[in-house]
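Me: I have a structure open and would like to talk it through. Could we begin with how burial is judged, and then go through the chain?

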Amino acid sequence: MIWLVVGALVAVAAVVLVSLPFLLDHGESDELETPTPRAETRLALIEERDRSLAALKELEFDHQTGKIDDADYRALVGPLRRAAASSLQALDALDAQD
Amino acid sequence: MADLGRAALVVSFGLALYACVAGTLAAVGRQRRLADSARNALIACFGSTLVASIVLAIALVRHDFTFVYVANHTSRDLSAVYSLTAFWGGEEGSLLLWLLVLTGYGALAVALNRRLLRDLIVWVVPVIGGVATFFAFMLFAVASPFATETRQLDGAGLVPSLQNPYMVAHPPMLYLGYVGLTIPFAFAAGAMLSGQTDERWIVATRRWTLVAWMFLGFGQILGSHWAYVEVGWGGYYAWDPVENAALMPWLAATAFLHSVMIQERKGMLKVWNMVLVAFAFELSLFGTFLTRSGVVQSIHSFSRSSIGGWFLGMVVASTAFAVALILWRLPLLKARTKLESPISREAAFLYNNLLFVALTLTIFWGEIFPILTQLFQGISRTIGRPYFDFFLRVFGLPLLLLMGIGPLVAWRRSSVRGLLRTLAWPAAAAVVTGVALTAVGHGTSRPGLIAYTFSAFVFATIVVEVVRGTRVTGSLFTLVSRNRRRYGGYIVHASVVLLAVGIAASSTAGANVFRTLKPGQSTRVDGYTVTYHGTKSIPSVTESGTTVEHRAFLSFTGRATGSMTTSQIDSSTLGPSREVGIYSNWRDGGTDLYTINSAQNGQTITLQILVKPLVNLIWIAGYVFVFGSLVALWPDAREQRRLVSRLAFARA
């Protein structure tokens, strides 16, 4: 019998925890925040920028270690810099629209 | 006390169902409070499952034989530690452990990512809740560990072979791995359901995948070591369905961990990554179906039960769910970039992925073939070891080679000239190794020689990478700190080299002979002289039955000097079993002298004697693997800050 009571207490504790968001209302809106199309575009551009910058950083390191020779480095660094610049320009353009 | 366990499981089921249903309604209706409530239900579900687990653990340690589960898996003479390991020694306890780990992982993953991935989490909660609902339902309606009966004087006991330190750790490790694969699946599904298929779900789940992968990998090594020291057949991997059930999701997760890097660097392979995550998760469920349903033969005694059909239903339903999601979100998952060159890091990862998936599917085919022949021909045709060994060589050796080439190839594209230049040192090391081994007579096994040569190549690659990197950064610590993921990965590669060498040496060289000896007789095997001194029969009586151990005493000289025993054990309740004798010769590179009391006829004994060169490298590889995984998955505060600022900037 005692164990059933303990079981009931576990159930009550669970119900309280599940109900907390309804009981502790701080006056926030009940609507979940939905990312705007603009935020999604920005996020995609930021990811693209970060990807290009990370690739540049890695290329520099691989060049320094000698894994990539000068000729390969020159062939690779240009497109990566252009990709980073392009995403930065696109981000600026998006901000300019606002 | 069983009432408390049952009540806690009913509460767990209710909470998991609530998390699934209320979570879905909240995500569809965009209701914040309901979403938070569903998230809390998942966290509370962990709490109630923990209560149920504590009840079972107490019952096991106290030998409370009113619990059918305790009576079936423990006995009074079992120590507290092994009584506790009976938690996962049977089906009902295993399911409870599964639910405990799942809700624990789920609660932690949801709590840690609730701010950064709020828009995804609202969908992650119902997915984890759905999986937890299945397991909670199984536990309270199909296979409850809290069924009771009239108290018995003693229990049936735990199979002697399971009373081994490796069995204390091996099953929980596997469960931490199997169940851990639910988390990346849930986040992938959450990303698709929410339409937020950006990089965040990948970053959030990468460590979860690594954790699950590490536990699954290390769990398999521990299981192999257990089989080696306890099962008594001289090997460590038998391509048994239970072993393959753990290997398949591990291989799929390994492919994912590599391909995910292509998505991070190039924004490619989004569909492929979703498929791999779902594949790894489904394989973890399918493995359970395979080994629990009794549709295939397995050396594992717990393989037949009534839950197989339920698991098959779950596999079918969750596969249909995953396929439908991927097809629905295909337009969002299209890559914006293409593979620029077949000689590039991403191409190497792609080849590696194809080989991993091919190996996984080959093993999968080997597992379902007996089921299909039973279904269509009425006869179960089992695929044997040669099939699996053949495909391990066909796909495994090129994978080993790629492991050496991949790190040396640049992202985007490499020129042939540049690649040949970077490959020069590792290739030279490989050629020298191959020639030297052939010269000293280790070239008789072609697959073995290829494995050694490729291993030397990979090892040389790692050394070259680390030396060059350290020269640039000034210290090894700085080098590893700058890119823990890359250098942690190299440590894991080094562990694979140890594994490959250990497997190749122990399976292609050494000795495996049977000798019938009388007391005082000796025999020579591969540089050892083994002498048999006689057998002592040791009877013991417990409340659960009688046991007689026939312990044979041996000594050996030659490559090393020492003594060992090997036993045959006849138990009236648990049947026959063996204890093998092992001497690890560390001066000989970790070579084992391994003896099995194969047959005992009075004082005459038939001994199986094996010499297993370098076999201990396999177990060492397990610890190196864990170390490398920990280095790779260690939290990176800079990355976390970058993600937070990226999201804040996007929403600004």
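Reply: A residue counts as buried if 20 or more other C-beta atoms lie within 10 Å of its own, and as exposed if 12 or fewer do. Please note that this is a predicted model.

Me: Is B:L97 buried or exposed, then, and why?

Reply: B:L97 has 22 C-beta neighbours inside 10 Å, so this residue counts as buried. B:L97 is placed in helix α5 of chain B, residues 91–112.

Me: Which residues is B:L97 in contact with, leaving aside neighbours within four places in sequence?

Reply: The contacts of B:L97 are B:F87, B:W88, B:P172 and B:Y175, once those neighbours are set aside.

Me: And how are the C-alpha atoms of B:L97 and B:V125 separated?

Reply: A distance of 20 Å separates these C-alpha atoms of B:L97 and B:V125, and the two residues are 28 apart along the chain.

Me: Let us step back. What helices and strands does chain B have?

Reply: Chain B contains 20 helices and nine strands. Its C-alpha trace spans about 85 × 75 × 55 Å along the principal axes.

Me: How does the radius of gyration of chain B agree with a compact globule?

Reply: A compact globule of 652 residues would have a radius of gyration near 26 Å, and chain B has 26 Å, so the two agree. Of those 652 residues, 54% count as buried. Among contacts between residues at least 6 apart in sequence, 73% join residues at least 24 apart.

Me: Which domains is chain B divided into?

Reply: The division gives domain 1 (1–158), domain 2 (415–509 + 624–652) and domain 3 (511–612). The C-alpha centres of domain 1 and domain 3 of chain B are 43 Å apart.

Me: Where is the largest nonpolar core, in terms of residues with the most contacts inside it?

Reply: That core has 207 residues, and B:A19 and B:F135 have the most contacts inside it. Helix α9 of chain B (residues 200–231) gives the largest share, 17 residues. Domain 1 and domain 2 of chain B each contribute at least three residues to this core.

Me: What does B:A19 touch, not counting residues up to four places away in sequence?

Reply: On that basis, B:A19 touches B:A38, B:A41, B:L42, B:C45, B:V125, B:P126 and B:G129. There is also a second, separate core of 17 residues, which includes B:V525, B:V530, B:V580 and B:Y594.

Me: Now helix α18 of chain B. Why is it called largely enclosed?

Reply: In α18(B), 20 of the 25 residues are buried, so this helix is largely enclosed by the rest of the structure. Helix α18 of chain B covers residues 484–508; at 1.5 Å a residue it should span 36 Å, and its end C-alpha atoms are 36 Å apart, which agrees. B:G510 follows α18(B) and has a positive phi, near 90°.

Me: What about chain A: how many residues of chain B are in contact with it?

Reply: There are 45 residues of chain B in contact with 39 residues of chain A. Elements giving two or more residues to that side of chain B include α1 (2–29), α6 (118–142) and α20 of chain B. The largest share, 11 residues, comes from α2(B).

Me: Last topic. Where in chain B is confidence lowest, and where is it highest?

Reply: Confidence is lowest in helix α20 of chain B (residues 637–651), with a mean of 70, and highest in helix α19 of chain B (residues 616–633), at 95. Chain B averages a pLDDT of 88, and 96% of the residues score at least 70. For the complex, the predictor gives an ipTM of 0.84 and a pTM of 0.91.

Terms used: Residues numbered from 1 in each chain as written. Chains lettered and ligands numbered in written order. Predicted model: local features only at pLDDT ≥ 70, side-chain atom pairs only at ≥ 80, totals over all residues. Helix = DSSP H or I, 4+ residues; strand = E, 2+ residues; numbered from the N terminus. Rg over C-alpha atoms; globule rule 2.2 N^0.38 Å. Contact = placed C-beta atoms within 7 Å. Domains from an automatic or database assignment. Expected span 1.5 Å × (residues − 1). Core = buried A, V, L, I, M, F, W, Y, C linked by C-beta atoms within 7 Å. pLDDT = per-residue confidence, 0-100.
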